[in-house]
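I opened the model and kept notes as I went. The entries follow the order in which I looked things up.

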There are 2 protein chains.
Amino acid sequence: MHVEGLSINLATIREQCGFARAVDICLTHGITAIAPWRDQIAAIGLKEAERIVKANGLKLTGLCRGGFFPAADAAGRQQAIDDNKRAVDEAATLGADCLVLVVGGLPGASRDIDTARQMVADGIAATLPHARAAGVPLAIEPLHPMYAGDRSCVNTLGQALDICEQLGDGVGVAIDVYHVWWDPDLANQVARAGRMNRILAHHICDWLVPTRDMLTDRGMMGDGVIDLKGIRRMIESAGFLGAQEVEIFSAENWWKRPPEEVIATCVERYQSCCQA
Amino acid sequence: MHVEGLSINLATIREQCGFARAVDICLTHGITAIAPWRDQIAAIGLKEAERIVKANGLKLTGLCRGGFFPAADAAGRQQAIDDNKRAVDEAATLGADCLVLVVGGLPGASRDIDTARQMVADGIAATLPHARAAGVPLAIEPLHPMYAGDRSCVNTLGQALDICEQLGDGVGVAIDVYHVWWDPDLANQVARAGRMNRILAHHICDWLVPTRDMLTDRGMMGDGVIDLKGIRRMIESAGFLGAQEVEIFSAENWWKRPPEEVIATCVERYQSCCQA
């Protein structure tokens, strides 16, 4: 029983299990595509993670994550670039489809978001030759505007695509419904991303009403207000037929449940709520 | 000692005092412009509120608030329109510069944000003849995208201006820095709003990092990451020279302090952090 078109971002069960057990649970549920985080890889070791990936023929829809380019001084910005190059190497070793970038917010006590945005474009530009040489596409993930201060000053798909246009090949976008569902320009920008051939990943979860925490209260697909089928239709029409990757941060609900239950629910909801 | 160009939205001290005492505190601090909420007016009675406003020569930079147009059925939508007309009448009685609209989010269990947005345009259109006749401009306040589900499906200044263009005279925008500061298209859209002559109000506060509550953790000007002077320059360049209206929802900080301290701090910070 193989579940076609579904990937599990391992943050979804990160509180319950490490890389090896998370992979086992996914395989048990017929899922052969995953997206791990660098700390999960580091905990088991890159070599062992690579062995598990290859032994099981796993597809990695992305490695999370690079980014966080803005810094108060040049040394900090160079550190970020160096770390992003290491992340590229890890993604290459694991054969990941892309390295997901959460680009970073305002550095230090800055109020200058335009400069932060320029630091992001500069940081990606500086990482890009290494990424191209390694054959690892960089996936800019626009984050919801509520993270503009501290996590990502790239807040719309349109803005991410502008950076892609500016920087050329080797960089695209990860479209996470949680971050972009509200955007009145979403349909246009998804179509534009398709014309530019820049869609590298499609992440899913749901937006709960009310949302009780800005970071760790994401919903399971079907429990919120996002039109998941509608957005999938946009993305498929734009030419991306890759997996939908479930990424749920849920401190008070899903992270407290048995991981087998969480993954079984992901499969159910993917089948009932998410397909175009 | 008159503080020129500063207005206090009375939500800023709503937990500490009602309309009459809030007005007294503002006057004591040299502030003669305010923006009350309808529940504050209702508590003291419209007639008495009108008397206080006129006796003190108060300027009202807005009445909060109309809106919440989307509803699951036609009866609900008509109720919203009727209530908005009553709000227009109250704004006219008090001589308010505008009626601020928080337009509403997704009705019921809907996932159809396009339809909700159409309900908003339709609701404003249905209210507009009454507002024009009363001489009360309607001010669409785009709300931060984190409120798209439950409070406002109009989430960018550009989107609000599109509605203004569609509906003609008598409707404009309230620009609240808290909701729009992150927008990569902000400078363009503020300039556009100026060319269209649609800026009706300018609200200020600050975005705290971290933000601990999505609704009631707004910061005092200067305590967060918003470039308040920069945005004021944009707005003045676009031709709006009206007051800056302080609106702070702060359950754990400013709502717990003596209201005199809060208003004194608003004056200080307005003078040090907010002028173009």
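**Strand S8 of chain A and its neighbours**

I began with A:His202 and looked for its bridge partner in strand S9 of chain A, which is A:Gln244. The model I am reading is a predicted one. S9(A) covers residues 244-246 and pairs with S8(A) in the parallel sense, over three bridges. I then traced the path that links these two strands. S8(A), helix H9 (residues 228-237) and S9(A) form a β-α-β unit, and it is right-handed.

Next I turned to strand S7 of chain A, residues 171-176. S7(A) also pairs with S8(A) in the parallel sense, here over four bridges. I noted two of the partners in S8(A). A:Ile175 is bridged to A:His202. A:Asp176 is bridged to A:His203.

Five of the six residues of S8(A), residues 199-204, are buried, so the strand is largely enclosed by the rest of the structure.

**The whole sheet of chain A**

I wrote down the strand order. It is S3-S2-S1-S9-S8-S7-S6-S5-S4, an open sheet of nine strands with parallel pairing. The edges are strand S3 (59-60) and strand S4 (63-67), each of which pairs on one side only. Helix H6 (residues 157-167) of chain A packs on the sheet and touches strand S6 (138-140) and S7. The direction of H6(A) makes about 170° with that of S7(A).

**Strand S7 of chain B**

I moved to chain B. How many of the six residues of S7(B) are buried? The count is six of the six for residues 171-176, so S7(B) is largely enclosed by the rest of the structure. On one side I found strand S6 of chain B (residues 138-140), parallel to S7(B) and joined over three bridges. B:Ile140 stands opposite B:Val173 there. S6(B), helix H6 (residues 157-167) and S7(B) make a right-handed β-α-β unit. S7(B) is also joined to strand S8 of chain B (residues 199-204) by four bridges, and those strands run parallel. B:Ile175 has B:His202 as its bridge partner in S8(B).

**Helix H1 of chain A**

I listed the buried residues of H1(A), residues 19-28. They are A:Phe19, A:Ala22, A:Val23, A:Ile25 and A:Cys26. Seen down the helix axis they fall within an arc of 165°, so they line one face of H1(A). I recalled the helix rule: at 3.6 residues a turn, residues three or four places apart point the same way. The cover over the buried residues of H1(A) includes strands S1 (6-9) and S2 (33-35) and helices H2 (38-44), H3 (46-55) and H10 (259-273) of chain A. A:Gly30 follows H1(A), with a positive phi near 80°.

**Helix H3 of chain B**

For H3(B), residues 46-55, I found B:Ala49, B:Ile52 and B:Val53 buried. Their arc about the helix axis is within 100°, so these residues line one face. The face turned away from the buried side carries the exposed residues B:Lys47, B:Lys54 and B:Ala55. Among the elements covering the buried residues are helices H1 (19-28), H2 (38-44) and H4 (74-94) and strand S3 (59-60) of chain B. Just after H3(B), B:Gly57 takes a positive phi of about 60°.

The bond from A:Cys64 to A:Arg65 is cis, with omega near -5°. A:Arg65 sits in strand S4 of chain A. In chain B, the bond from B:Cys64 to B:Arg65 is cis too, with omega near -5°.

Then I checked A:Phe68, whose phi is positive, near 50°. A:Phe68 lies in the loop between S4 and helix H4 (74-94) of chain A. A:Phe68 is partly exposed, at 34% relative accessible area. For B:Phe68, phi is also near 50°, and the relative accessible area is 33%.

**The two copies**

Last, I laid chain A on chain B. Which surface does each copy use? 100% of the interface residues of chain A are also interface residues in chain B, so the copies meet through the same surface.

Notes. Residues numbered from 1 in each chain as written. Chains lettered and ligands numbered in written order. Predicted model: local features only at pLDDT ≥ 70, side-chain atom pairs only at ≥ 80, totals over all residues. Heavy atoms only, no water. Buried < 20%, exposed > 50% of the residue type's maximum accessible area, 1.4 Å probe, protein only. Pairing = 2+ DSSP bridges. Right-handed = clockwise from strand over helix to strand, strands pointing away. Contact = heavy atoms within 4.5 Å. Axes fitted to C-alpha atoms, helices over the stretch in contact; angles between N-to-C directions. Arc of directions from axis to C-beta.
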